[in-house]
Amino acid sequence: MARRLPFDYAVRNLGRRPLRTTITVLSSALVAALLVATAAFVRGLDSTFAGAAQEDTAIVLSSVAERDVVRSTVNAGLPELLAASVPGIKHIGGVPALSGEIHMGTSLRVGAAPGAPNEAVYAAFVRGVTERAFLVHEAVTLIEGRAPRTGEVIVGRLVAQQLGVDEDALLLGRKLRFESAEFEIVGRFAAPGTTIESEIWAPLAELRGLTKRDDTSVVFARVETPGAFGDLEIFAQRRLDLELVVIPSATYYRELADYFRPIRAMAWAMAALIVAGALFGGANTLNAAVQDRLRELAALRAIGYSGYALVRSLAQESVVLAAGGGVLGLALARMLLAGGAVRIAMSAFTLRVDAVSILVGFGGALCLGLLGTAPAAVRVMRMPIAAALKEP
């Protein structure tokens, strides 16, 4: 049986060059933290749209809007038409689960009027709703306060991150101004795993008056069974005068997720470039360590240790460093990213630092340590023993 170098030999070698060891550990920590951040970003983005989709809900919007809920305009009385004409609409407590809504972007100011001349203006997403919205959007839960009435709004728990303001600016009782009106915050809501958490909800009738609209953007409709989607489509085809299209919410949000696919690909590409740089740096560092220990390694070969045994010991050193750096990187990522949010245009979503993200980060650091030993391993296996023993 081939002789193997003991594991403690590899561990002791790490203390012989403290500076190099520290740099390698920090490099592995940065790689692990970067991979966790990238995975958390991608998984957060994907889960946001997946969480917003409901299998029993369809979105009814204008056929000329090209599936853009902001550009869409439908008849203000459409919810009542759907309730009267379409069988299969879900009823909750005797009320049809149909939510007519206005979706719009607006310029928002924080605080009561009048404001300072150089007052900050924020781009915000506002949704005009009625109380029926809570029957349709199951993910939405009021965590503080109550539903809005005239002159009032409720805010999602990610609105502060989306606007880039302090959480204290959006406490209950604080004021927001948009569309030439002032609103009081009377509630906060959560909708985990959806972009809804970055929205401001206002009374539909009041928002319609402020924007001088006599229509609605879209209608969200919940149905008793998936087969009832066909009834909605038949209604849309029969009422050509309304110019409607029906999209299951699962399909709509899947298409929206596909729209952001290039962003996800870019995030992984940037991570891959940084990891590649760290890989080459680690390989060069280990190769330099082999050069410094050439006579030592040649002596070990001369007394009977195989090239495989030396490579195995070098791999142990590299993996121990990578594992230590990986644990440090995971701790940093957990501390800096957990509960964090990312802004995209007028929306925001939470970073998803879960088991998969942690596995990607730690596994990537370990793979980096193993792959980084390849050049050094080739050099050790091809090392001429006699010439190496004569190295100064």
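## Report on a predicted model

Arg-177 is buried, as its relative accessible area is 12%. The structure described here is a predicted model.

### Charged pairs

Arg-177 and Glu-119 are joined through their side chains in a salt bridge, with 2.2 Å from N to O. This pair connects distant parts of the chain, 58 residues apart: Glu-119 belongs to the loop between S5 and S6, and Arg-177 to strand S9 (residues 175-178). Glu-119 is partly exposed, with a relative accessible area of 22%. The value of 12% for Arg-177 lies under the limit of 20%, and Arg-177 is therefore classed as buried.

Side chains of opposite charge can pair when their charged atoms come close. Over the whole structure, a search finds 15 salt bridges. Three of them are set out below.

| Salt bridge | N to O distance | Relative accessible area |
|---|---|---|
| Glu-119 and Arg-177 | 2.2 Å | Glu-119 22%, Arg-177 12% |
| Glu-224 and Lys-90 | 4.0 Å | Glu-224 45%, Lys-90 21% |
| Arg-239 and Asp-241 | 2.9 Å | Arg-239 28%, Asp-241 54% |

In the salt bridge of Glu-224 with Lys-90, the closest N and O atoms are 4.0 Å apart. Here too the pair links distant parts of the chain, 134 residues apart. Glu-224 is found in the loop between S13 and helix H7 (229-238), whereas Lys-90 is found in the loop between helix H3 (78-85) and strand S3 (91-92). Glu-224 is partly exposed, and Lys-90 also counts as partly exposed.

The side chains of Arg-239 and Asp-241 meet at 2.9 Å, N to O. Arg-239 counts as partly exposed, while Asp-241 is exposed.

### Nonpolar cores

Which residues touch the most other members of the largest nonpolar core? They are Phe-41 and Leu-45, in a core of 29 residues. Two or more residues each come from helix H2 (18-52), strand S1 (57-62), strand S13 (218-222), helix H8 (249-259), helix H11 (307-337) and strand S15 (341-344). The greatest contribution is that of H2, with 8 residues.

Leaving aside neighbours within four places in sequence, Leu-45 has contacts with Phe-260, Arg-264, Ile-344 and Phe-349. Another core, of 22 residues, lies apart from the largest one. Its members include Ala-160, Val-165, Leu-204 and Leu-207.

### Strand S6 and its partners

Strand S6 (residues 122-129) is mostly covered, with 6 of its 8 residues buried. Strand S5 (residues 98-110) pairs with S6 in the antiparallel sense over 7 bridges. Within this pairing, Ala-123 of S6 is the bridge partner of Ser-107. S6 also runs parallel to strand S11 (residues 200-203), to which 4 bridges join it. In S11, Pro-203 is the bridge partner of Val-129.

Where do the buried residues of helix H1 (residues 7-14) lie around its axis? The residues Tyr-9, Ala-10, Asn-13 and Leu-14 are buried. They lie on the same side of H1, because they cover an arc of only 145° around the axis.

Leu-286 belongs to helix H9 (residues 261-292). Leu-286 is buried, with a relative accessible area of 11%. Not counting residues up to four places away in sequence, Leu-286 touches Ser-318, Gly-372, Thr-373 and Ala-376. Leu-286 and Leu-314 are 28 residues apart along the chain, and their C-alpha atoms are separated by 8.4 Å.

### Aromatic rings

A pair of aromatic rings is described by the distance of the centres and the angle of the planes. The whole structure contains 4 aromatic pairs. Phe-178 and Phe-183 form a stacked pair, 4.4 Å centre to centre and with 10° between the planes. Both Phe-178 and Phe-183 are buried.

Tyr-252 and Tyr-253 form an edge-to-face pair, 5.1 Å centre to centre and with 85° between the planes. Tyr-252 counts as buried at 10% relative accessibility, and Tyr-253 counts as buried at 10% as well. Finally, ring pairs link Phe-134, Phe-189 and Trp-201 into a cluster.

Technical notes: Residues numbered from 1 in each chain as written. Predicted model: local features only at pLDDT ≥ 70, side-chain atom pairs only at ≥ 80, totals over all residues. Heavy atoms only, no water. Core = buried A, V, L, I, M, F, W, Y, C linked by side-chain atoms within 4.5 Å. Buried < 20%, exposed > 50% of the residue type's maximum accessible area, 1.4 Å probe, protein only. Contact = heavy atoms within 4.5 Å. Pairing = 2+ DSSP bridges. Arc of directions from axis to C-beta. Phe/Tyr/Trp six-rings, centres within 6.5 Å; stacked < 30°, edge-to-face > 60°.
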